[in-house]
Amino acid sequence: MTVLVTGGTGYTGRYIVEALLAAGESVQCLARPASDTGHLKALGVRVVEGDLEDSGGLAPALEGVDAILCASHIRFARHVSEACVRAGVTRALFFSSTWRFSKVATPEVSAVIEGETAVEESGLDATLLRPTMIYG
């Protein structure tokens, strides 16, 4: 199986990529052009440059992908979900936040709610994870 990881250059994403590789999965990552991808390339991961703000530009990263694991911010979920549907990628895992349940209305909370709603309405076979804290 080939898994596309978004957020693979981030703190949590690095560990996810390593765990997928250790499990024998084929991994590729979407990264911004300015991202430091040296660690990923050293692991033999295919890195595709792209922007999560542009669902149309995600097509090259989704070629040959069976599933997507999004360790990037949930605010990008609408673009990612739309791109997955167009590419025929049906399995997805998104990291979100327990901010989803906040009673305080902030732009950050709204972004989480909107991202999760996009996933729920996408038709993808998706899982949302809401870790409370991630420690180093």
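Predicted model: local features only at pLDDT ≥ 70, side-chain atom pairs only at ≥ 80, totals over all residues.
Q: What makes Y11 and Y15 an aromatic pair, and why is it called edge-to-face?
A: Rings of Phe, Tyr and Trp (its six-membered ring) pair if their centres lie within 6.5 Å; planes under 30 degrees apart are stacked, over 60 edge-to-face, the rest tilted. Y11 and Y15 sit 5.5 Å apart centre to centre, with 70° between the planes, so they pass both tests. Both lie in helix α1 (residues 11-22), four residues apart, about one turn of the helix.

Q: Why is Y11 called partly exposed, and what makes Y15 exposed?
A: Buried means under 20% relative accessible area, exposed over 50%, partly exposed in between (1.4 Å probe, protein chains only). Y11 comes in at 42%, so partly exposed it is. Y15, at 51%, counts as exposed.

Q: How do you know that the buried residues of α4 are on the same side?
A: α4 covers residues 77-87; helices here are DSSP runs (H or I, at least four residues), strands likewise (E, at least two), numbered from the N terminus. Its buried residues are A77, V80, S81, A83 and C84. They cover an arc of only 165° around the axis, which puts them on the same side of α4; that arc is taken from the directions from the helix axis to the C-beta atoms.

Q: How do you know that the span of α5 agrees with what it should be?
A: The expected span is 1.5 Å times one less than the number of residues. For the 15 residues of α5 that gives 21 Å, and the end C-alpha atoms are 21 Å apart, so the two agree.

Q: What makes the 22 residues a nonpolar core, and which touch the most other members?
A: A nonpolar core is a set of buried Ala, Val, Leu, Ile, Met, Phe, Trp, Tyr and Cys residues joined through side-chain atoms within 4.5 Å. In the largest one, L4, L58, L62, I68, V80, C84 and F94 touch the most other members. α3, β4, α4, β5 and α5 each supply at least two residues of this core, and α4 gives the largest share, four residues. Apart from it lies another core of eleven residues, including V5, I16, L40 and L69.

Key:
Residues numbered from 1 in each chain as written. Heavy atoms only, no water.
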